[in-house]
Amino acid sequence: MKIVLTYFEPFGGRDFNASKATVMGLDIDADKIGLPVSWNDINSRLDEIFTDEPDYLFLLGEAGSISEPRLELEAHNISKGKDNKGVEKYLEKIVPEGLDTLNTTFISDDTFMISYDAGQYLCNCSYYLALSKAKESKVIFIHVPAFNETDGENKNHCVEVVSEMVKHLIELN
(Lines give C-alpha, C1' and ligand atoms only; values in the text may rest on other atoms or scores of the structure.)
Protein backbone atom coordinates (compact mmCIF):
# COMPACT_ATOMS: atom_id res chain seq x y z
CA MET A 1 0.00 0.00 0.00
CA LYS A 2 1.43 3.36 -1.06
CA ILE A 3 0.51 6.43 1.02
CA VAL A 4 1.56 9.96 0.14
CA LEU A 5 1.28 12.91 2.51
CA THR A 6 1.85 16.40 1.16
CA TYR A 7 2.43 19.75 2.82
CA PHE A 8 3.00 23.28 1.60
CA GLU A 9 6.11 25.38 1.83
CA PRO A 10 5.79 28.62 3.84
CA PHE A 11 3.91 31.48 2.18
CA GLY A 12 2.97 35.08 2.77
CA GLY A 13 6.50 36.09 3.76
CA ARG A 14 6.64 33.59 6.63
CA ASP A 15 9.34 30.97 7.14
CA PHE A 16 7.12 28.30 8.71
CA ASN A 17 4.05 26.33 7.62
CA ALA A 18 1.97 24.31 10.08
CA SER A 19 1.13 21.72 7.42
CA LYS A 20 4.81 20.80 7.04
CA ALA A 21 5.33 20.56 10.80
CA THR A 22 2.25 18.34 11.07
CA VAL A 23 3.25 16.00 8.24
CA MET A 24 6.83 15.71 9.49
CA GLY A 25 5.52 14.86 12.96
CA LEU A 26 3.35 11.98 11.73
CA ASP A 27 4.60 8.46 12.48
CA ILE A 28 3.04 6.98 9.36
CA ASP A 29 4.83 4.92 6.72
CA ALA A 30 4.34 7.30 3.80
CA ASP A 31 6.13 9.43 1.25
CA LYS A 32 6.16 12.99 2.57
CA ILE A 33 6.31 15.52 -0.25
CA GLY A 34 6.40 19.31 -0.20
CA LEU A 35 4.24 21.31 -2.57
CA PRO A 36 5.19 24.73 -3.95
CA VAL A 37 3.09 27.79 -3.25
CA SER A 38 3.12 28.57 -6.96
CA TRP A 39 0.23 28.63 -9.42
CA ASN A 40 2.62 27.75 -12.25
CA ASP A 41 4.41 24.86 -10.51
CA ILE A 42 1.70 23.02 -8.56
CA ASN A 43 0.40 21.03 -11.54
CA SER A 44 3.80 19.59 -12.48
CA ARG A 45 4.51 18.60 -8.85
CA LEU A 46 1.21 16.72 -8.74
CA ASP A 47 2.05 15.08 -12.07
CA GLU A 48 5.23 13.75 -10.41
CA ILE A 49 3.18 12.31 -7.52
CA PHE A 50 0.78 10.60 -9.93
CA THR A 51 3.59 9.09 -12.05
CA ASP A 52 3.39 6.15 -9.65
CA GLU A 53 -0.18 6.64 -8.46
CA PRO A 54 -0.51 6.20 -4.71
CA ASP A 55 -3.29 4.21 -3.10
CA TYR A 56 -3.95 7.09 -0.70
CA LEU A 57 -3.10 10.76 -1.13
CA PHE A 58 -3.53 13.05 1.87
CA LEU A 59 -2.94 16.68 0.96
CA LEU A 60 -2.41 18.98 3.95
CA GLY A 61 -2.50 22.74 4.13
CA GLU A 62 -2.72 25.51 6.69
CA ALA A 63 -5.82 27.60 7.35
CA GLY A 64 -5.55 30.55 9.68
CA SER A 65 -9.28 30.75 10.28
CA ILE A 66 -9.82 27.34 11.94
CA SER A 67 -9.08 25.96 15.40
CA GLU A 68 -9.18 22.20 14.69
CA PRO A 69 -7.96 20.03 11.81
CA ARG A 70 -10.76 19.40 9.32
CA LEU A 71 -11.44 17.19 6.34
CA GLU A 72 -12.28 18.99 3.12
CA LEU A 73 -14.84 17.00 1.15
CA GLU A 74 -14.99 19.21 -1.98
CA ALA A 75 -12.66 21.18 -4.22
CA HIS A 76 -13.94 24.02 -6.38
CA ASN A 77 -12.75 25.07 -9.82
CA ILE A 78 -11.73 28.57 -8.74
CA SER A 79 -8.45 30.23 -7.83
CA LYS A 80 -7.62 33.49 -6.09
CA GLY A 81 -4.57 35.04 -4.45
CA LYS A 82 -0.91 35.89 -4.93
CA ASP A 83 1.61 33.06 -4.77
CA ASN A 84 5.23 33.04 -3.55
CA LYS A 85 6.47 34.05 -7.00
CA GLY A 86 4.19 37.08 -7.22
CA VAL A 87 1.73 35.52 -9.68
CA GLU A 88 -1.79 36.58 -8.84
CA LYS A 89 -5.09 34.92 -9.73
CA TYR A 90 -8.47 36.51 -9.31
CA LEU A 91 -11.40 34.13 -9.54
CA GLU A 92 -9.93 32.20 -12.46
CA LYS A 93 -10.90 28.62 -13.25
CA ILE A 94 -8.23 26.07 -12.39
CA VAL A 95 -9.28 23.86 -15.31
CA PRO A 96 -11.10 26.01 -17.91
CA GLU A 97 -13.42 23.22 -19.10
CA GLY A 98 -13.57 21.43 -15.74
CA LEU A 99 -16.53 20.80 -13.48
CA ASP A 100 -17.34 23.46 -10.90
CA THR A 101 -16.90 21.03 -7.98
CA LEU A 102 -15.08 17.74 -7.44
CA ASN A 103 -15.73 15.53 -4.41
CA THR A 104 -13.29 13.43 -2.43
CA THR A 105 -12.98 9.81 -3.42
CA PHE A 106 -12.83 8.81 0.26
CA ILE A 107 -15.83 7.47 2.08
CA SER A 108 -16.07 9.54 5.25
CA ASP A 109 -18.21 9.65 8.35
CA ASP A 110 -18.83 12.30 11.00
CA THR A 111 -15.97 11.26 13.29
CA PHE A 112 -13.98 14.42 12.49
CA MET A 113 -14.71 18.05 11.66
CA ILE A 114 -15.60 18.41 7.97
CA SER A 115 -15.91 21.27 5.51
CA TYR A 116 -17.11 21.75 1.95
CA ASP A 117 -14.93 24.78 1.23
CA ALA A 118 -11.18 24.33 0.77
CA GLY A 119 -10.89 28.05 -0.02
CA GLN A 120 -9.70 29.57 -3.27
CA TYR A 121 -5.95 29.55 -2.74
CA LEU A 122 -3.42 26.84 -3.56
CA CYS A 123 -4.86 24.37 -1.04
CA ASN A 124 -8.05 24.21 -3.07
CA CYS A 125 -6.11 24.30 -6.36
CA SER A 126 -3.92 21.34 -5.38
CA TYR A 127 -6.98 19.42 -4.23
CA TYR A 128 -8.94 20.12 -7.41
CA LEU A 129 -6.00 19.11 -9.60
CA ALA A 130 -5.29 15.95 -7.57
CA LEU A 131 -8.92 14.86 -7.74
CA SER A 132 -8.92 15.44 -11.49
CA LYS A 133 -5.73 13.37 -11.95
CA ALA A 134 -6.64 10.44 -9.70
CA LYS A 135 -7.68 7.26 -11.44
CA GLU A 136 -7.55 4.76 -8.57
CA SER A 137 -6.16 6.87 -5.71
CA LYS A 138 -8.24 7.84 -2.72
CA VAL A 139 -7.64 11.61 -2.37
CA ILE A 140 -8.58 14.00 0.45
CA PHE A 141 -7.44 17.38 1.73
CA ILE A 142 -6.90 18.11 5.41
CA HIS A 143 -6.64 21.67 6.67
CA VAL A 144 -4.75 22.22 9.91
CA PRO A 145 -4.92 25.41 11.97
CA ALA A 146 -2.02 27.82 11.73
CA PHE A 147 0.44 27.68 14.60
CA ASN A 148 3.98 28.96 14.98
CA GLU A 149 7.22 27.09 15.23
CA THR A 150 7.45 27.32 19.02
CA ASP A 151 3.85 26.24 19.69
CA GLY A 152 4.51 22.62 20.60
CA GLU A 153 1.11 22.10 22.20
CA ASN A 154 -0.86 22.94 19.04
CA LYS A 155 1.62 21.04 16.86
CA ASN A 156 1.27 17.92 19.01
CA HIS A 157 -2.52 18.23 18.95
CA CYS A 158 -2.57 18.57 15.14
CA VAL A 159 -0.22 15.60 14.72
CA GLU A 160 -2.41 13.49 16.99
CA VAL A 161 -5.70 14.41 15.29
CA VAL A 162 -4.35 14.09 11.74
CA SER A 163 -2.78 10.73 12.59
CA GLU A 164 -6.18 9.53 13.81
CA MET A 165 -7.85 10.95 10.66
CA VAL A 166 -5.45 9.17 8.31
CA LYS A 167 -5.69 5.82 10.11
CA HIS A 168 -9.50 6.05 10.38
CA LEU A 169 -9.96 6.94 6.70
CA ILE A 170 -7.71 4.11 5.56
CA GLU A 171 -9.73 1.68 7.70
CA LEU A 172 -13.01 2.95 6.18
CA ASN A 173 -11.72 2.76 2.65
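**Figure 1. Helices α2 and α3 cross at roughly 40 degrees.** In this predicted model, the axes of helix α2 (residues 42-49) and helix α3 (residues 122-133) come within 10 Å. That angle makes α2 oblique to α3, and the crossing is right-handed. On the α2 side, look for Ile42, Asn43, Leu46 and Asp47. Their partners on α3 are Leu122, Cys125, Ser126, Leu129, Ala130 and Lys133. Sorted by class, this contact has 6 nonpolar, 2 polar and 2 charged residues. If you wonder about the spacing of such positions, an α-helix has 3.6 residues a turn, so residues three or four places apart point the same way.

**Figure 2. Helix α3 is largely enclosed by the rest of the structure.** How far does α3 reach from its first C-alpha to its last? With 12 residues, α3 reaches 16 Å, close to the 16 Å expected at 1.5 Å a residue. Of those 12 residues, 11 are buried, which is why the helix counts as largely enclosed. You can follow the buried residues along α3: Leu122, Cys123, Asn124, Cys125, Ser126, Tyr127, Tyr128, Leu129, Ala130, Leu131 and Lys133.

**Figure 3. Glutamate 53 lies in the loop between α2 and β3.** Strand β3 covers residues 56-63. Is glutamate 53 buried or partly exposed? Its relative accessibility is 25%, so glutamate 53 counts as partly exposed. Leaving aside residues up to four places away in sequence, glutamate 53 touches Ala134, Lys135, Glu136 and Ser137.

**Figure 4. Helices α1 and α4 meet in a right-handed crossing.** Here you see helix α1 (residues 18-25) with helix α4 (residues 152-172). The two axes come within 9 Å and cross at roughly 60 degrees, and α1 and α4 are therefore oblique to each other. Which residues make the contact? From α1 come Ala21, Thr22 and Gly25, while α4 supplies Lys155, Cys158, Val159 and Val162. By class, the contact of α1 with α4 has 4 nonpolar, 2 polar and 1 charged residues.

Key
Residues numbered from 1 in each chain as written. Predicted model: local features only at pLDDT ≥ 70, side-chain atom pairs only at ≥ 80, totals over all residues. Heavy atoms only, no water. Axes fitted to C-alpha atoms, helices over the stretch in contact; angles between N-to-C directions. Helix = DSSP H or I, 4+ residues; strand = E, 2+ residues; numbered from the N terminus. Parallel < 35°, antiparallel > 145°, perpendicular 65-115°, else oblique. Left-handed = near helix turned anticlockwise from the far one by under 90°. Contact = heavy atoms within 4.5 Å. Nonpolar A, V, L, I, M, F, W, Y, C, P; charged D, E, K, R; others polar. Expected span 1.5 Å × (residues − 1). Buried < 20%, exposed > 50% of the residue type's maximum accessible area, 1.4 Å probe, protein only.
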